[in-house]
Amino acid sequence: MFGLLGLVVRRDLVLAMRRRADVLTTLIFFIMVVSLFPLGVGPEPEMLRKMAPGVVWVAALLSSMLSLGRMFSADYQDGTLEQMLLVPQSLSVLVLGKILAHWMVSGLPLVLMAPVLGLQFDMTAQALGVLVLGLLLGTPILSMIGAVGAALTLGLRGGGVLVSLLVLPLCIPVLIFGSGAVEAAISGMNYASHLALLAAILLLALVFTPWVTAQALRISME
Amino acid sequence: MLAINWFKYSAPTTFYGLAGRLVPWFAGASVILFVAGLYIGFFVAPTDAVQSEAYRIMFIHVPASILSMFIYLVMAGYAALGLIFNTRLSSMMATALAPTGALFTFIALWSGALWGKPMWGAWWVWDARLTSELILLFLYLGFISLHASIDDPRRADRAAALLAIVGSVNVPIIYFSVKWWNTLHQGATIKFSGTSMHVAMQQALFTMLLACWAYAVAMALLRVRSIILERERTTQWVQDLPEVRS
């Protein structure tokens with residue numbers, strides 16, 4: 001099982017590395033959106049510090065939407081996905097591998113970039129730590145929920161906009177708890193509960209979403 | 001032993017006629033109950049001690065909110081039936097329920113805003129229950145638009161069903177949000193253990209709830225008849241229907 005998982009992850013990472021521009025666009029979009037806010041609302045450090053967690057989280061949510069279309073579409077177009085549905089091993093494990101690879105390519109860079117952007121907003125070291133921890137727990141959830149949406153809209157016209165409409169409402173709890181943790185840390189309250197809830201959502205998503213995504217792929221491919 | 005065919009009305013062919021016979025009953029009941037409920041609500045129920053006259057918005061707000069969640073669960077249930085047993089009619093019912101559910105969600109949000117302005121001094125607050133009800137509206141819209149953007153009706157049914165089932169995790173969150181988070185939106189006044197509400201207010205509330213329910217059933221049946229006609233338009237029995245031939 002883990003052999004298959006590793007194989008799929010390695011394959012998708014190699015494919016992503018062959019098309020590095022795609023990976024970079026997500027990251028650049030994230031940086032741009034975050035950097036646009038101080039220009040839009042004015043550079044008062046007091047207000048920026050207050051806004052920072054929400055801005056970074058919303059930007060992460062939007063940029064994770066951007067790359068969802070790529071999760072299955074290339075495999076769908078060249079017929080690889082059809083072959084994947086035929087393998088005797090569990091499709092859920094295969095899908096989990098693709099989700100993991102997708103997160104490493106589009107989620108992990110955001111997590112690593114977030115502290116630098118947080119500095120633009122004059123966040124404290126402790127708040128930055130909580131932000132990174134929250135993103136580390138939260139961005140895999142975004143990839144997993146996104147996978148369900150991506151599988152449901154596979155091969156549809158206008159699928160890119162539709163997938164945001166389907167996935168964004170389901171991602172709102174992640175946004176609330178993720179930015180809530182940072183806000184709690186800034187105002188000196190206990191932030192562990194927010195992170196614990198994020199971790200709980202992550203575990204639930206880890207159990208259910210690969211299977212749901214596999215079902216959605218079967219529906220889309222028949 | 002008398003053999004009852006439990007699955008007789010699970011075929012669109014037979015259900016089409018049954019739905020046609022049921023629609024006038026539910027529609028009529030809904031009109032009568034609406035008139036009765038509004039009469040009790042406006043003329044019999046006393047003025048509230050704290051909220052004065054504005055509390056009467058709850059006679060539409062509460063039934064609409066309850067139904068917005070209830071219809072979603074029924075819709076997800078039908079969708080799951082359609083997905084598991086591959087029954088066409090269940091998926092059609094799920095599709096037929098979605099617009100009515102979205103309408104009630106919208107009414108709940110809108111009437112809540114009208115109530116919130118005099119009571120809280122704001123049209124909208126980012127309270128847990130309001131936010132989760134808004135997410136419910138987005139889920140309905142997502143269901144409708146996913147279904148609309150897939151051309152093959154069977155694939156549309158199954159894909160939308162999966163989305164409806166995934167989205168149903170939101171319903172308990174809405175329901176318990178006033179308990180889990182200590183928010184501005186008030187908790188439930190009517191509980192199984194009894195209530196502190198005036199009898200006339202309760203009567204108005206329950207009458208309006210039944211009225212909204214009957215309306216939802218009538219609308220869903222009416223819509224499912226159209227969906228059946230649309231999907232089965234190539235079949236002989238639809239061609240033979242008097243309303244189609246004329």
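**Exercise 1.** Work out how helix H2 (residues 58-85) of chain B packs against helix H3 (residues 88-120) of chain B, using the angle and the distance between their axes.

*Solution.* Begin with the geometry: the two helices pack at an angle of about 160 degrees, and their axes are 8 Å apart. Here axes are lines fitted to C-alpha atoms, for helices over the stretch in contact, and angles run from 0 to 180 degrees between N-to-C directions. Next, apply the cut-offs, by which angles under 35 degrees count as roughly parallel, over 145 as roughly antiparallel, 65 to 115 as roughly perpendicular and the rest as oblique; H2(B) is therefore roughly antiparallel to H3(B). Finally, sort the contact residues of H2(B) with H3(B) into 18 nonpolar, 11 polar and no charged, where Ala, Val, Leu, Ile, Met, Phe, Trp, Tyr, Cys and Pro count as nonpolar, Asp, Glu, Lys and Arg as charged, and the others, Gly among them, as polar.

The model is predicted, so local features need pLDDT of at least 70 and side-chain atom pairs count only at pLDDT 80 or more, while totals for chains, interfaces and linings use all residues. Residues are numbered from 1 along each chain as its sequence is written, and chains are lettered from A and ligands numbered from 1 in the order in which they are written.

**Exercise 2.** Describe how helix H8 (residues 159-186) of chain A meets helix H4 (residues 128-149) of chain B.

*Solution.* The axes of H8(A) and H4(B) come within 9 Å and cross at roughly 155 degrees, and the two helices are therefore roughly antiparallel to each other. Their crossing is left-handed. Among the residues that meet, H8(A) contributes A:Leu162 and A:Pro169, and H4(B) contributes residues including B:Phe138 and B:Gly142. By class, this contact has 10 nonpolar, 3 polar and no charged residues.

**Exercise 3.** Find which residues of helix H4 (residues 70-77) of chain A are buried, and what covers them.

*Solution.* A residue is buried if 20 or more other C-beta atoms lie within 10 Å of its own, and in this helix A:Met71, A:Phe72 and A:Asp75 are buried. Seen down the axis of H4(A), these residues fall within an arc of 65 degrees, so they line one face of the helix. Their cover includes helix H5 (80-86), helix H6 (91-120) and helix H7 (125-152) of chain A. Just after H4(A), A:Gly79 takes a positive phi of about 85 degrees.

Definitions and conventions. A residue is buried if 20 or more other C-beta atoms lie within 10 Å of its own, exposed if 12 or fewer, and partly exposed in between; C-beta atoms are placed from the backbone. Helices (H or I, at least four residues) and strands (E, at least two) are DSSP runs, numbered from the N terminus. The arc is that of the directions from the helix axis to the C-beta atoms. Two residues are in contact if their C-beta atoms, placed from the backbone, lie within 7 Å. A crossing is left-handed if the near helix is turned anticlockwise from the far one by less than a right angle, and right-handed if clockwise.
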